[in-house]
Amino acid sequence: MPDLLSRRIVVALCLFAVLVVVGSPPQARAAAPPTMAPFLDDVLASVDTYWHQTLAAAGRPAPSVRHAWVVPGGRLDTACGVQAGDGAAFYCAADDTIYVGQVFARALYEGVLGGLPGQQAGFGRAAGDFAVAYVVAHEYAHNVQQESGILAGRTRALPVELNADCLAGTWARWAYGQGRLDRGDVQEALDAALAVGDFDFLSAQHHGTPSERRDALLTGLRSGSPRACNPYLSL
Ligand SMILES: [Zn+2]
């Protein structure tokens with residue numbers, strides 16, 4: 001069913017190649033805010049400002065995207081043929097919306113997200129506020145890709161996923177310049193990128209190995225230039 005497969009790849013661009021389990025493992029690290037929505041709003045506003053400035057400087061149209069921070073226990077219908085629930089972390093091109101479950105965001109913030117393929121294999125650790133920020137910036141990058149027309153006709157996730165990691169890194173570099181990053185934030189993002197990497201090489205949904213995802217994020221962080229992310233699109 002190649003049509004269905006490619007539709008899934010292009011339409012619901014998520015952070016992982018596999019479903020993650022929200023909740024369970026013990027070792028919590030940082031206490032998340034009482035509700036995640038204001039934090040997610042804050043990150044989104046920063047990412048949005050960055051892309052408005054960056055695209056305007058390149059003479060390109062302003063970006064536009066909707067968002068839905070799914071409330072705990074909530075289930076939202078999307079135009080991508082999947083519902084967004086507690087574990088949601090994806091961009092749906094068909095309704096131009098970033099979906100993030102507040103339960104997911106809290107679990108990631110607190111370092112208790114289970115089922116991450118890279119982390120299960122011993123790579124990285126997904127925890128902290130900047131791990132959550134990386135997710136929002138990654139999903140926003142899929143919106144930028146959609147508006148740039150580079151998602152059309154793609155059948156493999158890898159090129160656009162690594163490109164999105166790299167573009168998230170360019171935002172992180174900008175946020176650093178704005179004085180928005182705390183000590184340890186860059187490490188949190190890199191550890192999260194390692195944790196979400198996977199080894200599902202034979203799947204069209206393969207998003208990149210832990211080291212590939214970490215390196216892509218690092219490329220964006222070091223360069224601060226979306227152009228430096230273009231080579232991933234040719235993989
Ligand atoms: Zn993605």
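Two residues are taken to be in contact if their C-beta atoms, placed from the backbone, lie within 7 Å. Among contacts in the protein chain between residues at least 6 apart in sequence, 72% join residues at least 24 apart. The structure is a predicted model, in which local features need pLDDT of at least 70 and side-chain atom pairs count only at pLDDT 80 or more, whereas totals for chains, interfaces and linings use all residues. Residues are numbered from 1 along each chain as its sequence is written.

The protein chain has eight helices and six strands, defined as DSSP runs (H or I, at least four residues, for helices; E, at least two, for strands) and numbered from the N terminus. Their order from the N terminus on is α-β-α-β-β-β-β-β-α-α-α-α-α-α. The radius of gyration, taken over C-alpha atoms, is compared with a globule rule of 2.2 Å times the number of residues to the power 0.38. Of the 235 residues of the protein chain, 49% count as buried, a residue being buried if 20 or more other C-beta atoms lie within 10 Å of its own, exposed if 12 or fewer, and partly exposed in between.

Helix α2 comprises the 21 residues 37-57, which at 1.5 Å a residue should span 30 Å, in agreement with the 30 Å between its end C-alpha atoms; the expected span is 1.5 Å times one less than the number of residues. The buried residues of α2 are F39, L40, V43, L44, S46, V47, Y50 and W51. Seen down the axis of α2, these buried residues fall within an arc of 160°, so they line one face of the helix, the arc being that of the directions from the helix axis to the C-beta atoms. Elements that cover them include β2 (66-70), β6 (97-101), α3 (102-110), α5 (129-148) and α6 (158-177), while the face turned away from the buried side carries the exposed residues P38, A45, Q53 and A56.

Strand β5 (residues 89-92) runs antiparallel to β1 (residues 12-14), to which three bridges join it, with A12 opposite C92. Strand β5 is also joined to β6 by four bridges, again antiparallel, and Y91 has I98 as its bridge partner in β6; strands are considered paired if DSSP finds at least two bridges between them. From β5, A89 and Y91 point one way and F90 and C92 the other, and all are buried. Four residues separate β5 from β6 in a hairpin, where D96 in the turn has a positive phi of about 50°.
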